[in-house]
Amino acid sequence: MEENTDQKNFEEEPYNELPEVQPEGTTEELHKTIQLSGMYQNWFLDYASYVILERAVPEILDGFKPVQRRILHAMHDLDDGRYNKVANIIGHTMKYHPHGDASIGDALVQLGQKDLLIDTQGNWGNILTGDNAAAARYIEARLSKFALEVVFNPKTTRWKLSYDGRNREPVALPAKFPLLLAQGVEGIAVGLASKILPHNFNELIDCSIKILQNKDFDLYPDFPTGGLADCSKYNEGLRGGKVRLRAKISQADKKTLVITEIPFGTTTGSLIDSIVAANEKGKIKIRKIDDNTASTVEILIHLMPGVSPDTTIDALFAFTDCEISISPNNCVIQQGKPLFIGVKEILRVSTFNTVELLRAELNIRRLELMENLLFASLEKIFIENRIYHDIEECESWEDVLLTIDKGLEPYKPDFYREIVQEDILRLTEIKIKRISKFNSFKADEYIRNQGDEKAQVEHYLANLTEYAIEYFRNIKRKYGKNRDRKTELRNFDTIEAVMVAAANQKLYVNRIEGFAGTNLKKDEFVCDCSDIDDIIVFREDGTMIVTKVADKVFVGEQVIHIDVFRKNDERTIYNMAYQDGKNGGVYVKRFAVVGVTRDKEYSLTKGTKGSKVLYFTANPNGEAEIIKVALKPRPKLKKPVFDFNFGELAIKGRNSQGNILTKYAVKKISQAEAGVSTLGARDIWYDDSIKRLNTEGRGRLLGAFSGDDKILTIMQSGQYRLYNFDISNHFDEDLLIIEKFNPKKPVTAVYFHAEKEFYYLKRFQVEPTDRKTDFIGEEADSKLIHVTTDWLPRFLIIFDEKINNRVIDDEEVVASEFIDVKSHKAKGKRLTTHSIKKLRMLEPLPYQPEEPEITETAAEDSEQPEEKPLELPSHLNKPAIDDDAVQMTLEF
């Protein structure tokens, strides 16, 4: 605040102050005024800068927010190898951190739960269940060996005074590891936020080595809760990126699903709550949920009778927290300023910072070794040349120092630096006991060892990149065990909610009045549906509309067909016959409705006023029936009744006018014979990246499927299972083989029998069943080695010379010659009694399927007769009604 004393100062101020107004009836001195606008601008910016730099956003070099850095520094002060009470650590940290014990305690628990820098003891909570840690007085912690080796080095640390000036704290810890990416961080500041996802320990090391080798690399998150992750839109963690996470769900049996891993950021409690909420809304149908989570996640979902497990899994992803999205936002502090930067660049900065820290440590060690060599040489000269005898006659301390300096004069050129008074003082501090027991050989050996180490350090400095690579490899060897990737990377398919929503409503229709909805319970029942479905309605006047399911909605009078609409459904084919206008000809058409605009009316006829649908069927698998057409009587009508096969019509779009059936008036059209599908077999592909079936040509073609065709799957667990070709199927994570099932084709397996402790080979036929079937026995430790569906597989046995105590030639085994095809329950045949070093699968032998013999008579019968042109009915040979109809004449 400033005192405004004259008008001139008022006019020159950048932020105008109002002139003082003297109150009436008083002559008191002027009051002080406050610049509110200036105060807001300056103080708010100071506050925002403080929160960004000193609280919420991590430093790029060591990867810590200030509170985390101060906690680790305080723990290093207290470290004596034993555990310390967390309450004591919090109190010690308050010397450096001015924001109270609550924030310190929460940050310390979060660091401990990451299981990297802190060894914990006691109840530290559970990231899976969301349970909180015990009170600070009950739990203990200490720095891990990894932290002591990687994070701390007082010799290379830059220091600053703490907030009260009483203590020193590090500006940034000399961390020689990308801790920022290993642990991840989340913080909300003023005007910006930081959300950096955690990454895998070993993958970070591998990528750092690739950086030093000038190789390209990819880096994706890895979460401590496991689960599945789609990082196709990760965008290196920058703003605008997105990571989709899913729980790992498997099928225990037809009525039970098991969740064994959950998405990062959720807990078992929040996940179960979202499932219960979806069930209450009718999106899914479950009977109950059991939570058996302890050290690992186990949530059992019991399904209602008749509910598909595969559809329920998709519904869980669509309507619950079994699938969530995380939007990363990499924001760090670099040189005192916030910076948005990708994970690759963060890792590069960290890697090169590690190299510079290693260089600094080597230079410091080199100087220490040079000092050790200098003093060891001075000590040897001082004792062996008996310089200490020359100081006996000195009368003053200055004379003593001058005498020693004079005795060292001939050797000074051999030293790397000038001999200073501190060096001479150290010589005077040598005890008589050490002089009397001085061993020249040991002194030479010490000098030699120090010289060798100095040469090695100089070699490392000259080859710093190779030294840094070996440093990272050594860290991986020492601390990388049991740090494998927990989150499986996978591309997710897009789940349409309407395709997996549970049918929690019933659809009714009043065909005459033209109303449809879920509340018309007194009218005609149509089908079960969900509250997010669309319905498709066909009317007698040849129009069609698609609208949303509602309690009651007007869909048009004279409804001839209503059903739930499935977008992009190319399998459902509609067969229709309609009369063009009141007196026009009759047309037939087959069409599919793939995509429409909701609530828009479409005409399926030529659009002539008075058109009317005479016959209509909806066929879910493209069936084409035969209809009987009865014409109205009239003179000279030769054939009043005839049949027509819809299978002779091509399937076109809904806008096609159709082909002319007859120009005469029709009395009645009825179905004469049920039809069969004209769509043929359906090509099915398997996309390994998402482990799902599809019909869009992604992945590997399994074959053409129709009817009761099955898919054979064989798992690493030693089980097989048959599936139908529904694209909603989910498959096991340990899937080894997936192919179209051929009941004549045997399966060949080599497995280790745990009880007998020998390798067995077996061949068996797959028994048709939709249940998982074990084919290697029920022993827990039995292990599947190789499995194949080749007709004539071969294997190479390589024997272990050391265990067998003799050389045994490698043996080739042809499975078909070794053992016959038997039941899957058979144990099989033991491969050998000798110890096996390795079993290798070779290329299978060529196989030619047996062709049935064809007799001469059969061959003659199989000859196809010459095709004759199809004779049209007489009423179709007559002229069409108009030119447009001529263009649409039926083609056979």
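**Figure 1. Around Ser530.** Leaving aside residues up to four places away in sequence, Ser530 touches Ala501, Ala502, Ala503, Asn504, Gln505 and Val549. This is a predicted model, like everything in the views that follow. Ser530 sits in the loop between β20 (524-529) and β21 (534-539). Is Ser530 buried or exposed? With a relative accessibility of 2%, Ser530 counts as buried, since the cut-off is under 20%. Thr518 is 12 residues away along the chain, and its C-alpha atom lies 9.8 Å from that of Ser530.

**Figure 2. The whole chain, for orientation.** The chain runs to 892 residues, and 44% of them count as buried. Take the contacts with a separation of 6 or more: 66% of these come from residues 24 or more positions apart.

**Figure 3. Helix α3, mostly tucked away.** Helix α3 covers residues 66-78, which makes 13 residues. From first C-alpha to last, α3 reaches 18 Å, close to the 18 Å expected at 1.5 Å a residue. Why is α3 described as largely enclosed by the rest of the structure? Because 10 of its 13 residues are buried. The buried set in α3 is Pro66, Val67, Gln68, Arg69, Arg70, Ile71, Leu72, His73, Ala74 and Met75.

Figure 4. Strand β1 and strand β3 (residues 140-143) run antiparallel, joined by 2 bridges. Look for Asn84, which stands opposite Ala141 in β3.

**Figure 5. A four-stranded sheet with mixed pairing.** This open sheet has 4 strands, and the order is β14-β9-β8-β17. Which strands stand at the edges? They are β14 (323-326) and β17 (488-489); each has a single partner strand, so one side of each is left without a neighbour in the sheet. Strands β8 (residues 228-233) and β9 (residues 242-246) run antiparallel and are joined by 4 bridges. As a reminder, strands of a sheet pair through backbone hydrogen bonds, either parallel or antiparallel.

**Figure 6. Helix α11 from end to end.** Helix α11 takes in residues 343-384, 42 residues altogether. At 1.5 Å a residue α11 should span 62 Å, and its end C-alpha atoms are 61 Å apart, which agrees. Keep an eye on what comes just after α11: Arg386 takes a positive phi of about 50°.

**Figure 7. Where α13 crosses α14.** The axes of helix α13 (residues 397-408) and helix α14 (residues 421-428) come within 10 Å and cross at roughly 100°. Angles from 65 to 115 degrees count as roughly perpendicular, and α13 and α14 are therefore roughly perpendicular to each other. On the α13 side, the residues that meet α14 are Trp397, Leu401, Ile404, Asp405 and Leu408. From α14 come Gln421, Ile424, Leu425, Leu427 and Thr428. Sorted by type, the residues of this α13 and α14 contact divide into 7 nonpolar, 2 polar and 1 charged.

Terms used: Residues are numbered from 1 along each chain as its sequence is written. This is a predicted model: local features need pLDDT of at least 70, side-chain atom pairs count only at pLDDT 80 or more; totals for chains, interfaces and linings use all residues. Side-chain values use heavy atoms; hydrogens and water are left out. Axes are lines fitted to C-alpha atoms, for helices over the stretch in contact, and angles run from 0 to 180 degrees between N-to-C directions. Angles under 35 degrees count as roughly parallel, over 145 as roughly antiparallel, 65 to 115 as roughly perpendicular and the rest as oblique. Contact means heavy atoms within 4.5 Å. Ala, Val, Leu, Ile, Met, Phe, Trp, Tyr, Cys and Pro count as nonpolar, Asp, Glu, Lys and Arg as charged, and the others, Gly among them, as polar. Two strands pair if DSSP finds at least two bridges between them. The expected span of a helix is 1.5 Å times one less than its number of residues. Buried means under 20% relative accessible area, exposed over 50%, partly exposed in between (1.4 Å probe, protein chains only).
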